[in-house]
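Let's take a walk through this structure together. Have the sequence and the 3D view ready.

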Amino acid sequence: MSPYLPALPVLAPLAVIAIVVLLVRLHRRTELTLPRAIVVIVGCVYTAGLVGHTLFPIPLAPESDPPEWSVWINLVPFTDLLDDPSGLLLNALLFAPLGFLMPLVRRITSIWQVLLHGLLASLAIEIAQFVADLAVGLRRVADIDDLIANTVGALIGYGLFLLLTRHRGLRRIAERSSLVPSARASGRAGAAQ
């Protein structure tokens with residue numbers, strides 16, 4: 001059995017660097033506030049956790065006798081649903097924070113954008129898992145079920161964000177926490193010029 005590269009010594013320093021860079025950037029633009037700092041920290045820690053959960057630990061040496069590539073990919077939806085229905089739920093829960101954070105870090109104007117961003121983020125993970133399987137024997141399956149559940153999870157997180165921000169007080173907190181200038185604020189700035 002080959003040695004593995006654990007997630008914590010790699011991802012913790014990267015998350016700290018990303019947090020510092022983003023906070024300094026907000027400070028230089030005089031946009032650093034406590035709510036925005038919290039969004040930056042939560043977003044970076046979540047991203048590190050997501051990458052750690054889906055791509056680590058990484059074997060440091062390739063397998064001497066790897067199985068066929070087809071072992072590491074499943075393109076037929078819901079074949080394992082009866083064996084392990086909790087897998088779909090757990091994947092949806094894993095991506096729900098992404099959908100919740102999306103409108104705070106990107107200009108999201110429709111559910112289709114959330115669908116596209118969730119799908120692309122999940123697809124990137126599944127492709128990375130497949131490539132790592134081929135390269136070093138990560139032993140993860142690039143699974144269409146994960147792609148579907150992750151995308152649905154992002155939509156659920158976004159739906160929760162929309163539901164909570166219907167309340168005026170929570171909407172104001174979200175506006176203060178957003179890393180993206182609101183359309184109203186940018187429209188006023190454009191009109192003033």
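Predicted model: local features only at pLDDT ≥ 70, side-chain atom pairs only at ≥ 80, totals over all residues.

Residues are numbered from 1 along each chain as its sequence is written, and side-chain values use heavy atoms, with hydrogens and water left out.

Start with the record. An unreviewed UniProt entry lists residues 6-26, 38-60, 88-105, 114-135 and 147-164 under "transmembrane region"; such annotations may be inferred rather than shown by experiment, and their positions are given in the numbering used here, with feature names shortened. In the model, residues 6-26 are 90% helix and 0% strand, with end C-alpha atoms 31 Å apart. Residues 147-164 come out as 100% helix and 0% strand, and there the end C-alpha atoms are 26 Å apart. (Helices, H or I with at least four residues, and strands, E with at least two, are DSSP runs numbered from the N terminus.)

Now look inside. A nonpolar core here is a set of buried Ala, Val, Leu, Ile, Met, Phe, Trp, Tyr and Cys residues joined through side-chain atoms within 4.5 Å; buried means under 20% relative accessible area, exposed over 50%, and partly exposed in between (1.4 Å probe, protein chains only). The largest core has 16 residues, and Leu50, Phe95, Met102, Leu104 and Val114 touch the most other members. Helices α2 (34-55), α3 (86-105), α4 (111-136) and α5 (144-164) each supply at least two of its residues, with α3 giving the largest share, six. Apart from this core lies another, of seven residues, including Leu11 and Ala132.

Next, find Ser178, in the loop between α6 (168-177) and α7 (183-192). Is Ser178 buried or exposed? Ser178 counts as buried because its relative accessibility is 10%. Leaving aside neighbours within four places in sequence, Ser178 is in contact (heavy atoms within 4.5 Å) with Arg36, Pro103 and Leu104.

Finally, the charges. The whole structure has one salt bridge, meaning a side-chain nitrogen of Lys or Arg within 4 Å of a carboxyl oxygen of Asp or Glu. Arg29 pairs with Glu31, the closest N and O atoms being 3.3 Å apart. Arg29 is partly exposed at 39% relative accessibility, and Glu31 is partly exposed at 27%.
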